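Here is a short briefing on one protein model. Keep the sequence and the 3D view open as you read.

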Amino acid sequence: MPRAIRSLRVLTPDGFRPATIHIDQGRISRLSDESPEALGDDTVDLGSLVVMPGLVDTHVHINEPGRTDWEGFATATRAAAAGGVTTLLDMPLNSVPATTSVAALAEKAAAARGKTWVDVGFIGGVVPGNAAALGDLARAGVLAFKCFMVPSGVSEFEHVTESDLREAMPMLADLGLPLMVHAELPNPIEAATLEATAGDPTLYATYLASRPAAAEHEAVATVIRLAELSGARVHIVHVSSAATATIVAHARARAVRISAETCPHYLYFSNADVPNGATEYKCAPPIRDAANRDALWSALERGDLEMIVSDHSPCPPILKRRDVGDFFVAWGGIASLQLGASITWTLMHARGLGLERLAEWMSHVPARLAGLGARKGRIAPGYDADLVVFDPDAERTITPEMLLHRHPVTPYLGATLRGLVDATYVRGELAYSRRHGPAASPPGGLLLPSHS
Ligand SMILES: [Zn+2]
């Protein structure tokens, strides 16, 4: 482990400056102007490469245990490290068991232990009938909760109704943990799907028509009402419609405790980019039109949307049903954990936005959401030495061979992206380097209380 890392372009809370980051027992002890020569052998001199706080991705589906053939802790966290992500939160569903009880959390932690190249925290599930487990899950160390307002796609993680939320949300308010909400309502989707099924299921337009933005807007309005009643802190995941961001911003202005994220795929693609039968683009809510995409960018710049996370949700290629190209039978979910920084930076660079905002959207704000704001997401004394070394000017074209998650399926294949992760440090230890790939042994840990 290096004792110090030096660069001419270190992103501190006050902006970029030349700095030497001194590391002691995995933490940043101080920043100085000391030269590498004065510090000796265990200093890494990075020249003018950018050093930013490691990214914090609070929306990742790892699927282990139970669906480890879809994705697993080792493969996902190696991909994360290669993408400059130093902390991720694992979603409670798609693994079996789903993380809806303390016993399930223990199984998940056992599956993850010793296999994580980055730090991993866990999210508990809110499902019908598990209200009694929420307090125990919080005490066992989940950093947030997650619920679905529409069917989730897997039978072991049922979606909640308004009455389930009325029971759970006051408890979450007392526990002081945020509730992440997949905000789409079933009724508008069921009605639109009935109409859409007359269309060709291999056309993206047919799928898009089946998941109207109104389903998202109505769900968010419900969440806001319940958050106001309960005082719970809520967070809208994967906002696809720019109008949702405005609804959220108005609620926040009334002091509702609400925030919202969007994902790289809503910012990079539009419906016009999706070829017929290209089910690797399928996600829910869906990728919408180009005007909406531009409005999502404006919402980020205004601060109505506060963060960008991957919603990395892979599956075995067969479940994408590329053979038939049917958007309705294909598994929904886009894999991009390794690429988020580059995708976002490519677009930000084109818009004249700086890396300071990328670090805010992809590191500091998600760290705060996860309750890790005093420990992660900043290059400052006292913070974990979670660092990404980034070359913002390099470009590369994405090939399957580059991808470290379990199945190299992603709609970004063939895309030319700007910004390359040169190295990633997790609590001062090298987790990934461009030259050597992932470290031989995993430096990550589990963000759980020490008694568990
Ligand atoms: Zn998700």
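Two strands pair if DSSP finds at least two bridges between them. Helices (H or I, at least four residues) and strands (E, at least two) are DSSP runs, numbered from the N terminus. This is a predicted model, in which local features need pLDDT of at least 70, side-chain atom pairs count only at pLDDT 80 or more, and totals for chains, interfaces and linings use all residues. Residues are numbered from 1 along each chain as its sequence is written, and side-chain values use heavy atoms, with hydrogens and water left out.

**The sheet**

- Eight strands form an open sheet with parallel pairing.
- Their order is E6-E7-E8-E9-E10-E11-E12-E13.
- E6 and E13 stand at the edges, and each has a single partner strand, so one side of each has no neighbour in the sheet.
- Strand E7 covers residues 85-90, and strand E8 covers residues 119-125.
- E7 and E8 run parallel and are joined by four bridges.
- Leu 89 stands opposite Gly 121 in E8.

**The zinc site**

- Donors are N, O and S atoms within 2.8 Å of the metal (3.2 Å for Na, K and Ca); water is not among the atoms, so sites may look incomplete.
- Which residues hold the zinc ion as protein donors? They are His 59 (NE2), His 61 (NE2) and Asp 311 (OD).
- These donors lie 2.1 to 2.2 Å from the zinc ion.
- Along the chain, the donors of the zinc ion are spaced as H-x1-H-x249-D.
- His 59 and Asp 311 link distant parts of the chain, 252 residues apart.
- His 59 sits in strand E6 (residues 55-60), while Asp 311 sits in the loop between strand E13 (307-308) and helix H12 (340-350).
- Is His 59 buried or exposed? His 59 counts as buried, because its relative accessibility is 0%.
- Buried means under 20% relative accessible area, exposed means over 50%, and partly exposed lies in between (1.4 Å probe, protein chains only).
- Asp 311 is also buried, with a relative accessible area of 10%.

**Salt bridges**

- A salt bridge is a side-chain nitrogen of Lys or Arg within 4 Å of a carboxyl oxygen of Asp or Glu.
- How many salt bridges does the structure hold? The structure holds 27.
- One of them joins Arg 30 and Glu 34, whose closest N and O atoms are 2.9 Å apart.
- Arg 30 is partly exposed at 39% relative accessibility, and Glu 34 is partly exposed at 29%.
- Glu 228 and Arg 254 also meet in a salt bridge, at 3.2 Å from N to O.
- Glu 228 lies in helix H8 (residues 213-230), and Arg 254 lies in the loop between helix H9 (242-253) and strand E12 (258-262), so the pair ties together parts 26 residues apart in sequence.
- Glu 228 is partly exposed at 43% relative accessibility, and Arg 254 is partly exposed at 48%.
- Asp 393 forms a salt bridge with Arg 418, with the closest N and O atoms 3.5 Å apart.
- This pair links strand E14 (residues 387-397), which holds Asp 393, to strand E15 (residues 416-426), which holds Arg 418. The two residues are 25 residues apart.
- Asp 393 is partly exposed at 49% relative accessibility, whereas Arg 418 is buried at 17%.
- Salt bridges with shared partners join Arg 27, Asp 119, Arg 375, Lys 376, Asp 384, Asp 386 and Arg 427 into one network.

**Backbone details**

- Val 96 and Pro 97 are joined by a cis peptide bond, with omega about 5°.
- Pro 97 lies in the loop between E7 and helix H3 (102-112).
- Asn 94 is in the loop between E7 and H3.
- Asn 94 is not a glycine, yet its phi is positive, at about 90°.
- Asn 94 is buried, with a relative accessible area of 2%.
- A cis peptide bond also runs from Ala 284 to Pro 285, with omega near -5°.
- Where is Pro 285? Pro 285 is in the loop between helix H10 (264-268) and helix H11 (290-302).
- Arg 321 has a positive phi near 50°, and this residue is other than glycine.
- Arg 321 is in the loop between E13 and H12.
- At 29% relative accessibility, Arg 321 is partly exposed.
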